[in-house]
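Biologist: I'd like to go through this model with you and hear what stands behind each label. Can you show it to me?

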Amino acid sequence: MYQKESYDLYLSKLREAMTVDEAAGEARKKGARDQAADEYAKASVLYAQAANSLLDVCDGCNEGERKDFEKSVERLTAIARQVRACAEELRRQPSQQDIQAEEEDQVLFRPAEAQNVTFDDIAGLDEAKQMILDEIIHPSMYRELYDRFKMDNSGGLLLFGPPGGGKTMIARAVAAEANLPFFSARCSDIVGKYFGEAEKHVRALFEAARKAKNAVIFLDEAEALACRRGGHSTVMNRLVPELLSQMDGFEKFDGRIIVIFATNRPYDIDPAFLRHGRLPSHCYVPLPDENVRTAFLKKMIAQRPCSDDVDIGKIVQATNRFSCADLVNLVRKSCQYPINRSIERKAKGEQTVEEFLCQQDIEQALSRLHPSVEPEEIERLEKWMKKMGMQLPQMAA
Ligand SMILES: Nc1ncnc2c1ncn2[C@@H]1O[C@H](COP(=O)(O)OP(=O)(O)O)[C@@H](O)[C@H]1O
Ligand SMILES: [Mg+2]
């Protein structure tokens with residue numbers, strides 16, 4: 001005779017297992033992934049316990065009964081294994097919440113409106129433009145030509161130079177010239193408030209670009225994101241490998257994705273990024289020299305009502321070490337004077353109130369402005385370029 005206690009235990013475990021198994025199925029249908037996985041895991045344990053109790057029963061029964069029971073034990077053990085596999089499979093799948101969060105993140109990184117800046121709008125920087133055309137834009141547009149000449153055209157572009165030199169403008173112009181959507185992000189967009197968000201955002205940014213198939217990904221303030229590892233920041237120690245692996249992922253990608261990093265502090269970037277295949281093209285965007293300042297100021301002045309006495313040559317001489325952003329600021333501050341004069345005339349009730357920008361306005365504004373970039377910053381950049389074996393630009397003051 002078999003042992004009644006074990007048999008009762010077997011029956012109760014089996015019933016419990018079947019109830020939990022059914023609940024797991026219901027949870028799965030509703031898309032409650034975590035709950036379903038937990039229930040399946042619980043059911044698996046119960047089926048195994050039922051099988052064990054049945055084994056105890058076998059000990060005290062005759063030959064014929066034992067054979068039947070042993071078959072049942074085998075069946076129950078197989079079911080326990082299957083149900084456990086179900087739980088593991090579910091745990092590997094992303095939950096509905098994960099999918100939703102990922103979709104939301106991708107929405108975070110939508111391409112910017114079509115870029116309305118072209119290379120023609122960028123004053124000077126001819127060498128940089130040519131290099132970017134040869135190494136970045138044309139390989140992406142005429143892949144087959146480059147392949148024919150066995151030119152390796154993988155990897156992106158590092159734009160570096162003092163602030164206000166035009167790096168962001170160049171990146172936008174690359175997107176316009178190559179006719180690609182522009183996905184741009186800066187450090188604050190990527191590094192979230194919560195643990196683990198930064199890597200998720202990097203993945204979402206690259207995923208959004210991959211979905212577009214052809215795109216420019218622009219990472220501004222790259223030194224903050226792609227900084228040297230080994231510091232105390234655990235976020236960065238996790239983020240940098242994620243960024244590297246996303247960039248390596250393009251090798252097998254058949255779309256056209258151009259990755260551009262911009263930084264004022266290239267010496268803070270993890271050298272792993274500068275290696276071949278990742279960011280092999282390095283482009284220095286220096287402070288504007290005399291020629292660039294002349295072209296830039298001429299264009300800015302021409303767009304505004306100006307008196308004939310404006311002496312571009314004199315302004316160019318007085319703006320040594322000014323960045324393009326400083327020049328934009330100079331023109332803005334200068335224009336405030338004729339605007340104020342016009343307002344005064346209006347207030348007096350005069351008929352003609354039109355005033356023009358004149359040399360004195362510009363000189364007055366100049367006397368209150370200083371170049372925003374310190375010479376030490378340029379020295380540090382040039383020292384890094386020398387260390388990297390790059391050529392320093394030939395500048396006309
Ligand atoms: N070479 C250039 N030609 C025309 N405008 C420029 C040039 N370089 C910069 N600018 C203008 O100067 C400002 C700063 O440029 P930006 O691209 O933001 O500099 P960076 O990204 O290097 O800090 C912008 O208004 C930009 O339009
Ligand atoms: Mg910028």
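Biologist: Which domains does the shell around ligand 1 draw at least three residues from?

Modeller: Domain 2 (107-284) and domain 3 (290-372) each give at least three. Before we go on: this is a predicted model, where local features need pLDDT of at least 70 and side-chain atom pairs count only at pLDDT 80 or more, while totals for chains, interfaces and linings use all residues. Residues are numbered from 1 along each chain as its sequence is written, and chains are lettered from A and ligands numbered from 1 in the order in which they are written.

Biologist: What makes a residue part of the group around ligand 1, and which are the closest?

Modeller: A residue is near a molecule if its C-beta atom, placed from the backbone, lies within 6 Å of it. There are 18 residues around ligand 1, and the closest are Gly 166, Lys 167, Thr 168, Met 169 and Cys 324. The elements giving two or more residues are α7 (167-177), α12 (290-302) and α14 (324-347). Those names come from DSSP runs numbered from the N terminus: helices are H or I with at least four residues, strands are E with at least two.

Biologist: How does that shell divide into nonpolar, polar and charged?

Modeller: It has 12 nonpolar, 5 polar and 1 charged. Here Ala, Val, Leu, Ile, Met, Phe, Trp, Tyr, Cys and Pro count as nonpolar, Asp, Glu, Lys and Arg as charged, and the others, Gly among them, as polar.

Biologist: Lys 167 is a lysine, so why is it called buried?

Modeller: Buried takes 20 or more other C-beta atoms within 10 Å of the residue's own; 12 or fewer is exposed, in between is partly exposed, and C-beta atoms are placed from the backbone. Lys 167 has 26 within 10 Å, so buried it is. Lys 167 sits in helix α7. Leaving aside neighbours within four places in sequence, Lys 167 is in contact (C-beta atoms, placed from the backbone, within 7 Å) with Leu 159, Gly 161, Ala 262 and Val 285. Thr 263 is 96 residues away from Lys 167 in sequence, yet 8.2 Å away in space, C-alpha to C-alpha.

Biologist: And why is Ala 175 called buried?

Modeller: Ala 175 has 25 C-beta neighbours inside 10 Å, so it counts as buried. Ala 175 is in helix α7 too, and, again leaving out neighbours within four places, is in contact with Gln 115, Leu 180, Phe 182 and Val 216.

Biologist: What makes you say α7 is largely enclosed?

Modeller: 9 of its 11 residues are buried, so the rest of the structure largely encloses it. What covers the buried residues of α7 includes α5 (126-141), β1 (157-160), β2 (182-185), β3 (214-219) and β4 (256-263).

Biologist: Why is Lys 213 called partly exposed?

Modeller: Its count is 13 C-beta neighbours inside 10 Å, so Lys 213 lands in the partly exposed class. Lys 213 lies in the loop between α9 and β3, with a positive phi of about 75° although it is not a glycine.

Biologist: What about Arg 321: where is it, and why is it partly exposed?

Modeller: It lies in the loop between α13 (312-318) and α14. Arg 321 has 16 other C-beta atoms within 10 Å, so it is partly exposed. Arg 321 also has a positive phi of about 75° without being a glycine.

Biologist: How do you know that the length of helix α1 agrees with its residue count?

Modeller: The expected span is 1.5 Å times one less than the number of residues. For the 26 residues of α1 (residues 4-29) that should be 38 Å, and the end C-alpha atoms are 38 Å apart, so the two agree. Its buried residues are Tyr 10, Lys 13, Leu 14, Ala 17, Val 20 and Ala 24, and their cover includes α2 (33-59).

Biologist: What makes something a nonpolar core, and how many residues has the largest?

Modeller: A core is a set of buried Ala, Val, Leu, Ile, Met, Phe, Trp, Tyr and Cys residues joined through C-beta atoms within 7 Å. The largest has 69 residues, and Leu 159, Val 174, Phe 183, Leu 205, Val 216, Ile 217 and Ile 260 have the most contacts inside it. Helix α9 (residues 197-212) gives the most to this core, with 7 residues.

Technical notes. Domain bounds come from an automatic or database domain assignment. Two residues are in contact if their C-beta atoms, placed from the backbone, lie within 7 Å.
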